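Look at the sequence and the 3D structure first. Then follow this short report through them.

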Amino acid sequence: MALNLFDVGPLPAAGRPAVFLDKDGTLVEDVPYNVDPALLRFTDRAIPALQLLQEQGYPLIIISNQSGIARGYFDQAALDRLAEALSAQLRQAGITLAGFYACPHAPPEPGEPGCSCRKPRPGLLRRAALEHGIDLTRSWMVGDILNDVEAGRRAGCKTVLLDVGNETEWDMAPLRQPHFRARHLMEAASFILDADARATGQRSLFPDALPDPLAADGLLQVGSGLPATGVLAAAGGMPVSAPAL
Ligand SMILES: [Mg+2]
Ligand SMILES: [Zn+2]
């Protein structure tokens, strides 16, 4: 089997931090296999959240599974048109996407290795890091299901689960433990800025938003597989334990 450059190659040692965002259910409301720009709807507080992250200097990069291509529901050109429409809508709000990466492959058959770019695998994040000079260990992956979290952790990123009811299986293996849970993208953005400000010894933009997340959990030990719990609960936010199903 051919080795994929993005799986084994060296990664930038001193790149910039970025925020990687899942698309469906995270940046825009989930319309399964949608490539119709008319059906794009941003999620709750997505626009101010991205404006804030961009103001603070984070490149914003979409990381999306698009198996509709492998399934024959639409082609790459249709996805490209959707990506351009999404970018155009964001530009109207002053937001520039630094990248849009999509895996076109189908989920692997049982026993098959599958591609290296479909989340929960980290191939797209690694590729984006190489192409944009991103330091993955200082970056964040934000998504609405645990496969997003796992892809982020496998890439070495910190992670935020947008906990809006889209995850249904709750397989909470260590690699699938989000560092934070958020109810909307603005909450995710404030967590990210708060945690990064504390990590670099700067004054937080959100000094009253949270207890010290670095003291509260293993955030500094990114990639250790340590679960992060208690942060939001201690802040009076939503419970952080997995809901009973
Ligand atoms: Mg999603
Ligand atoms: Zn793929």
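What percentage of the 245 residues of the chain count as buried? In this predicted model, the figure is 39%.

**Layout of the chain**

The chain holds eight helices and six strands. Read from the N terminus, the order is α-β-α-β-α-β-α-β-α-β-β-α-α-α. Take the contacts between residues at least 6 apart in sequence: 60% of them join residues at least 24 apart.

**The nonpolar core**

In soluble globular proteins, nonpolar side chains tend to be buried together. Here, the largest nonpolar core has 50 residues. Those that touch the most other members are Val19, Phe20, Leu125, Val142, Val160, Ala188 and Ile192. Helix α6, residues 185-199, gives the most to this core: seven residues.

**An enclosed helix**

Why is helix α5 (residues 146-155) largely enclosed by the rest of the structure? Because eight of its ten residues are buried. The buried ones are Leu146, Asp148, Val149, Glu150, Ala151, Gly152, Arg153 and Ala155. The elements that cover them include these:

| Element | Residues |
|---|---|
| β1 | 19-21 |
| α4 | 123-132 |
| β4 | 140-143 |
| β5 | 158-162 |

Just after α5 comes Gly156, with a positive phi of about 95°.

Terms used
Residues are numbered from 1 along each chain as its sequence is written. Chains are lettered from A and ligands numbered from 1 in the order in which they are written. This is a predicted model: local features need pLDDT of at least 70, side-chain atom pairs count only at pLDDT 80 or more; totals for chains, interfaces and linings use all residues. Helices (H or I, at least four residues) and strands (E, at least two) are DSSP runs, numbered from the N terminus. A residue is buried if 20 or more other C-beta atoms lie within 10 Å of its own, exposed if 12 or fewer, and partly exposed in between; C-beta atoms are placed from the backbone. Two residues are in contact if their C-beta atoms, placed from the backbone, lie within 7 Å. A nonpolar core is a set of buried Ala, Val, Leu, Ile, Met, Phe, Trp, Tyr and Cys residues joined through C-beta atoms within 7 Å.
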